[in-house]
Amino acid sequence: MPQSNVIILTDPESDFSLHQNRVTVLPIQGEYSRDKLMLQRIRSYITFLDIRLEKLSQEQGRITHFIFSDSDIAVIDDLGQIFEKYQDFHVALTFRNNKDQPLNSGFVAVRGTRDGILRARTFLQKVLEVYSSKYMKASRMLGDQLALFWVIMSDASFDAKRFSKAQAFIKEIGGASVLFLPCATYNWTPPEGAGQFHGMPLDVKVVHFKGSRKRLMLEAWNYFSSSADISDMLCLILKSGRTKYDF
């Protein structure tokens, strides 16, 4: 996505010496201790959306969509088509067939219209409230995902069985139109453990280097940049094996 801008949300103390086109650093005040890091991430998303709302009125109708991602994610295809193909959603999440943790918070897309930003902000604010009240004692990397799932399941009409099929769908949740995208395409990580690999998807658009796979990020990205062969790059990632920190 060569025309996209990258904005790094971080704490004010971190020093980023970046000299790259279309990359900016946005320091946000907050609590960045390890036990509150994921809680702060949601707060930072909300702060960012507040900033964008203020700027929206100054941009004379120009619409810019946003994708929040973990820092261990690589985008290997154009994600702009999400906003064109699914034109009625406000916020997008990714899901997998996992009974207890079907949602992964490493990829969150927000439609850049005023209505989209407002409804996404309200949705994330609810997630923040649930996290703060119910999941502060959860593992430090899981609280936001558990809170996301709670908010989704608080809608009595939501059918969790839809997570068993890797097909995109849209559902109205708390006043926001939420698009659910399959992790197999939009947040892909190789399955855990030997013997559990049942084929490699060829339409992957986002690769998530969870756990020990982080050590492969630079090698995989350099390989992909030089060869543009996605299947070979994904095979390279499969060498990482199992890690108990795959969230």
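## The largest cavity

The largest cavity holds about 80 Å³ of space, in what is a predicted model. Counting cavities of 30 Å³ or more gives 1.

The lining of this largest cavity is formed by R41, I42, Y45, S105, V108, L124, V127, D144 and L148, and the elements that contribute two or more residues to it are α1 (37-56), β6 (103-110), α3 and α4. Among these elements, α1 gives the most, with 3 residues. Sorted by class, the lining comprises 6 nonpolar residues, 1 polar residue and 2 charged residues.

## The crossing of α3 and α4

Two packed helices are described by the angle between their axes and the distance between the axes. For helix α3 (residues 114-134) and helix α4 (residues 143-153), the axes come within 8 Å and cross at roughly 115°, and the crossing is right-handed.

On the α3 side, the contact is made by F123, K126, V127, V130, Y131 and K134, while α4 brings G143, D144, A147, L148, W150, V151 and I152 to it. The residues of this contact divide into 9 nonpolar, 1 polar and 3 charged.

## Where the two topics meet

Which residues line the largest cavity? V127, D144 and L148 are among them, and these residues also take part in the contact of α3 with α4, V127 from α3 and both D144 and L148 from α4.

Note on methods: Residues are numbered from 1 along each chain as its sequence is written. This is a predicted model: local features need pLDDT of at least 70, side-chain atom pairs count only at pLDDT 80 or more; totals for chains, interfaces and linings use all residues. Side-chain values use heavy atoms; hydrogens and water are left out. Axes are lines fitted to C-alpha atoms, for helices over the stretch in contact, and angles run from 0 to 180 degrees between N-to-C directions. Helices (H or I, at least four residues) and strands (E, at least two) are DSSP runs, numbered from the N terminus. A crossing is left-handed if the near helix is turned anticlockwise from the far one by less than a right angle, and right-handed if clockwise. Contact means heavy atoms within 4.5 Å. Ala, Val, Leu, Ile, Met, Phe, Trp, Tyr, Cys and Pro count as nonpolar, Asp, Glu, Lys and Arg as charged, and the others, Gly among them, as polar. On a 1 Å grid over the protein atoms alone, a cavity is a set of points where a 1.4 Å probe fits but cannot get out, and a pocket is an open set with protein on both sides within 12 Å along at least five of seven lines; lining residues have an atom within 4 Å of a point. Grid points are joined across faces, edges and corners, and a volume is the space filled by probe spheres set on the points.
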